[in-house]
Amino acid sequence: MYVTKSKSKAVLFSYLVGNRNGDGSDTPIRLEGLDASKNYKVKELNLYPGTKSAIKEDQVYSGEYLMTAGFNPVVNARRTSVVLEIEAM
């Protein structure tokens, strides 16, 4: 994950590195470096044309929530890599 100095934008790269028994990301990843007092939207960047994201792009998260509870990028056998943009509102 890369975060701007102003903490207003970040990019998160998540990859499925093992697929034993159909495992994927079933638990949230705690993000780091965001501003706990800001609100953020999460958008998937690496979508194939005509496909929909498994990420709810209209959902708003507090920086505190993303850094304590975390965010599940929904990586699995059908979505082996996910690139997310996290942007302050």
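User: How many nonpolar, polar and charged residues does the lining of the largest pocket have?

Analyst: This is a predicted model. In it, the lining has two nonpolar, four polar and four charged residues. The volume of this pocket is about 210 Å³.

User: Which residues line the largest pocket?

Analyst: The lining is made of E44, N46, L47, Y48, T51, K52, R78, R79, T80 and S81.

User: Why is K7 called partly exposed?

Analyst: K7 has 35% relative accessibility. Buried means under 20% and exposed means over 50%.

User: Where is K7, and what is its phi?

Analyst: K7 sits in the loop between β1 and β2. Its phi is positive, about 60 degrees, although K7 is not a glycine. The hairpin of β1 and β2 has five residues between the strands.

User: Why is V74 called partly exposed?

Analyst: The relative accessible area of V74 is 26%. Buried needs a value under 20%, and exposed one over 50%. V74 therefore lands in between. V74 is in the loop between α1 (63-68) and β5. Its phi is near 55 degrees, again positive in a residue other than glycine.

User: What makes β2 and β5 a pair?

Analyst: Seven bridges link β2 and β5 in the antiparallel sense. The requirement is at least two, so β2 and β5 pair. In β5, the bridge partner of A10 is I86.

User: Which residues of β2 are on the covered face, and which on the uncovered one?

Analyst: A10, L12 and S14 form the covered face. K9, V11, F13 and Y15 form the uncovered one. In a regular strand, side chains alternate between the two faces of the sheet.

User: Which residues have the most contacts inside the largest nonpolar core?

Analyst: They are L31, L34, V42, L66, F71, L84 and I86, in a core of 14 residues. β2 (9-15), β3 (39-44) and β5 (81-88) each give two or more residues to this core. β5 gives the largest share, three residues.

User: What does F71 touch?

Analyst: Leaving out residues up to four places away in sequence, F71 touches P28, I29, V42, I55, Y61, L66 and L84.

How values were computed
Residues are numbered from 1 along each chain as its sequence is written. This is a predicted model: local features need pLDDT of at least 70, side-chain atom pairs count only at pLDDT 80 or more; totals for chains, interfaces and linings use all residues. Side-chain values use heavy atoms; hydrogens and water are left out. On a 1 Å grid over the protein atoms alone, a cavity is a set of points where a 1.4 Å probe fits but cannot get out, and a pocket is an open set with protein on both sides within 12 Å along at least five of seven lines; lining residues have an atom within 4 Å of a point. Grid points are joined across faces, edges and corners, and a volume is the space filled by probe spheres set on the points. Ala, Val, Leu, Ile, Met, Phe, Trp, Tyr, Cys and Pro count as nonpolar, Asp, Glu, Lys and Arg as charged, and the others, Gly among them, as polar. A nonpolar core is a set of buried Ala, Val, Leu, Ile, Met, Phe, Trp, Tyr and Cys residues joined through side-chain atoms within 4.5 Å. Buried means under 20% relative accessible area, exposed over 50%, partly exposed in between (1.4 Å probe, protein chains only). Helices (H or I, at least four residues) and strands (E, at least two) are DSSP runs, numbered from the N terminus. Contact means heavy atoms within 4.5 Å.
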